[in-house]
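Here are my notes on the model you sent.

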Amino acid sequence: VGISSAVLASTTANSGNQFAAAPFSPPSNLQLSASCSAGTPIGFRGVTTTSGQGSSFTINKPAGTAAGDTMLIHIVLRDDYTLTVPTGWILVRRSPSPGPYSAIYRKTAGASEPASYTWSVQNTRFAVAMGTWTNVDTTNPINAQGGQSGFGSSIVAPSITTTVPNTVLVAFWSIRDNTGVTIPGSMTLRWSDNSQQGGQPKSNVQGTGATEAFAPSGATGSRTAVSSASEDNVGQLIALKPASSGTPSVSATWTATPSTFATGHKLQRWLGAVQQTEQTITPRTTTTATDSTVTSGQTYTYRLFAYFNTWTSTQISNTVTVPSC
């Protein structure tokens, strides 16, 4: 509970020996914001591609792939056929029908990965790409994912909703054509390949991939690639989860007490009915503080008051929930 106090403001020469006193005013406008400082960012090692027509394909492991890295393979087939999947690869998602077959598989690299991987399928035209990323969560590498089929020149990878900050978005666009696509300006092109087996362009398939760092958590918005052709297509979007999203912290700002005699302010952190910390902030004109000892997912109340010696103003307070990092 805050204690009101008064200090001598001036003296008078009146016969009653009266004093004029100034109140001890509290600070005001306490604002709190919680965030995650960036941890080690997700990195991109490289990509390999293969394309053509046949009943199997072999694709090389990207150069530099190391144990613990996350590998993604994007497989685009002209027709919806069953794949024979090499050991260790896990399906992330496959395209809904209609449209070209577009599937994404993942694998966490082990200590002794082979130099290449062979996939079997019925005879069809294909365009395949494999990429490798570093500093991805090895337990739950995919934080969010989505996809949709369409028809036309716009290939829409629909919006997904991330639950952690500092993810990397990977967009996958597939179309029954071989003339290439234009990707969004916010993204970095990682691969673009097509089956190029002659005949009409729509007899072939095109696969394109791009990435983008996504710092906040929440809805990502869609990512749309544009083709010169109007054909069956598939857009897919996933968010890679970082191995560490960073360290949580709470930043506080306020308007200083107008009582100029005050020494400074004290900021307390409470979890429920328990006071956990108290920061002493001087001089009086300092109006910011950071608390880096908070825990992800907790809701805290902060109490702020001004002080002079053992006297304190009344308190103001506000509450904040710390995001998961």
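1. First, a term: two strands count as paired if DSSP finds at least two bridges between them. On that basis, five strands form an open sheet in the order 4-8-5-7-6, with antiparallel pairing. The edges are strand 4 (43-60) and strand 6 (90-94), each of which pairs on one side only. From one strand to the next, the twist averages 20 degrees. Keep in mind that this is a predicted model.

2. Look at the pairing of strand 4 with strand 8 (residues 116-134). These strands run antiparallel and are joined by 16 bridges.

3. Which residues have the most contacts inside the largest nonpolar core? They are Phe 57, Ile 73, Ile 75, Leu 83, Trp 89, Tyr 105 and Trp 119, in a core of 18 residues. Strand 4, strand 5 (70-77), strand 7 (101-108) and strand 8 each supply at least two core residues. Strand 8 gives the largest share, six residues. In soluble globular proteins, nonpolar side chains tend to be buried together.

4. Leaving aside residues up to four places away in sequence, Phe 57 touches Thr 50, Ile 73, Ile 75, Leu 83, Tyr 117, Thr 118, Trp 119, Phe 126 and Val 128. Ile 73, Ile 75, Leu 83 and Trp 119 are also among the residues with the most contacts inside the core.

5. There is a second, separate core. It has 16 residues, including Ile 155, Ala 171, Trp 173 and Ala 225.

6. Is Asn 233 buried or exposed? Its relative accessible area is 2%, and the cut-off for buried is under 20%, so Asn 233 counts as buried. Asn 233 lies in strand 16 (residues 223-240). Its side chain reaches the backbone oxygen of Gly 152 at 3.2 Å. Not counting residues up to four places away in sequence, Asn 233 touches, among others, Pro 100, Gln 148, Phe 151, Gly 152 and Ser 174. Ile 155 is also one of the residues Asn 233 touches, and Ile 155 belongs to the second core.

7. Last, a hairpin. Strand 18 (residues 264-271) and strand 19 (residues 274-281) pair in the antiparallel sense over seven bridges. Leu 267 has Gln 279 in strand 19 as its bridge partner. Two residues sit between the strands, and Gly 272 takes a positive phi near 65 degrees in this hairpin.

Definitions and conventions
Residues numbered from 1 in each chain as written. Predicted model: local features only at pLDDT ≥ 70, side-chain atom pairs only at ≥ 80, totals over all residues. Heavy atoms only, no water. Helix = DSSP H or I, 4+ residues; strand = E, 2+ residues; numbered from the N terminus. Buried < 20%, exposed > 50% of the residue type's maximum accessible area, 1.4 Å probe, protein only. Polar contact = N/O pair within 3.5 Å; in protein donor to acceptor, adjacent residues only side chain to side chain. Contact = heavy atoms within 4.5 Å. Axes fitted to C-alpha atoms, helices over the stretch in contact; angles between N-to-C directions. Core = buried A, V, L, I, M, F, W, Y, C linked by side-chain atoms within 4.5 Å.
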